[in-house]
Amino acid sequence: MSLSTPSSHFNLTQNPLAMSALRKTIVATGVTSGLGFEAIKHLLVQPQPYRFILGARNVPVAQAAFEGIGFDKSTHALTVLPLDLVDLKGVKTFAQQTLETLGQDKLDYLCLNAGVVKPNDQPGPHGSKWSEPLIVNHFAQHYLIHLLREKLVESKARIVVVSSGAIRNVPDTSVLDKELLANSGTPAFVNYAQTKFVQLLGAHWWRRQLKGQCDVVAVSPGLIPGTGLGRHSDFKLPADMPDAKPVEEGGTNILRAFFRDDFPEDPNQIFLTSWGEWWGTDVYPTSLDKDLQDKWCPSKEEIENSQGIMAP
């Protein structure tokens, strides 16, 4: 699959105003290794100019990784800002720094790729009653959309939520209240499927909230054994599984969600598969429950009140 964009007939490096007008801005989480890194790496070798604002737990390591690509700095701009998604106060700082970095410029794409697989056998981060995977895979990134909402709407941005086929493995949504709690004893893969399902609830919720203002797309990169997603647990995907794909392919599968514009007529069909088809809503019917979406998608104020985050 080619995702390259046609180069201009003139030299952009000699036309700064043209460069600025054509450059697309991407804000992203979870892109300093694995699938996210491969997606950004692919864009960094394209003639289409991009501006990247990336969140990372370890900024020097992330910067070194991207410097190692040897991308053309006259075409692309890349900023790495500190972000640890287990800390919602830090998420707010990241959002503020992102908006300061953007200034008056548009935010064309918000890519929410960060994810973690861990069993629920530890206390919640920063005193939260919820497990770390739920904070990282859903609440922190849901909060980030709240914080960037005004800029996203102003820019008519696209929000790309990196999901998983694991969302099909949640047969009973009534157990989520109990099994997503910290120290609940929920096994790693069960917890992963549940948190990704809640994340999909969030994608549907935001699609409703931002109707006519921003596009919201959920995408599965496919079955990718080599991502390191399960490094915090004993969960491993065998490399010889029939549907397994290399990390590079998974990265480009994510990018499909950036550029596809053949949206189905049914607004609930927001899930793009790793083979490039829009899943029918019969695959994820329980995620269409609006009451369930509302339940797991707190407002910005509710999040800040529960976490003791002071308003500016």
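Lys156 is exposed in this predicted model, because its relative accessibility of 63% is over the 50% cut-off. The residue sits in the loop between α5 and β5 (158–162), and its phi is positive, near 50 degrees, although Lys156 is not a glycine. His126, in the loop between β4 (109–112) and α5, likewise has a positive phi without being a glycine. Most residues other than glycine have a negative phi.

| Residue | Phi | Relative accessible area |
|---|---|---|
| His126 | about 55 degrees | 58% |
| Lys156 | near 50 degrees | 63% |

Helix α4 itself spans residues 88–102, and its 15 residues reach 21 Å from the first C-alpha to the last, close to the expected 21 Å. At its start, a side-chain oxygen of Asp87 comes within 3.1 Å of the backbone nitrogen of Lys89. Buried residues of α4 include Leu88, Val91, Phe94, Ala95, Thr98 and Leu102. The buried residues pack against the strands β1 (24–29), β2 (50–56) and β3 (77–82), and against the helices α5 (132–155) and α10 (300–307).

How do the axes of α2 and α8 cross? The axes of α2 (residues 34–44) and α8 (residues 247–259) come within 7 Å and cross at roughly 65 degrees, so the two helices are roughly perpendicular to each other. The crossing is right-handed. Among the residues that meet there are Leu35, Ala39 and Leu43 in α2, and Val247, Gly251, Ile254 and Leu255 in α8.

Notes:
Residues are numbered from 1 along each chain as its sequence is written. This is a predicted model: local features need pLDDT of at least 70, side-chain atom pairs count only at pLDDT 80 or more; totals for chains, interfaces and linings use all residues. Side-chain values use heavy atoms; hydrogens and water are left out. Helices (H or I, at least four residues) and strands (E, at least two) are DSSP runs, numbered from the N terminus. The expected span of a helix is 1.5 Å times one less than its number of residues. Buried means under 20% relative accessible area, exposed over 50%, partly exposed in between (1.4 Å probe, protein chains only). Contact means heavy atoms within 4.5 Å. A polar contact is a pair of N or O atoms within 3.5 Å; within protein, one must be able to donate a hydrogen and the other to accept it, and residues adjacent in sequence count only if both atoms are side-chain atoms. Axes are lines fitted to C-alpha atoms, for helices over the stretch in contact, and angles run from 0 to 180 degrees between N-to-C directions. Angles under 35 degrees count as roughly parallel, over 145 as roughly antiparallel, 65 to 115 as roughly perpendicular and the rest as oblique. A crossing is left-handed if the near helix is turned anticlockwise from the far one by less than a right angle, and right-handed if clockwise.
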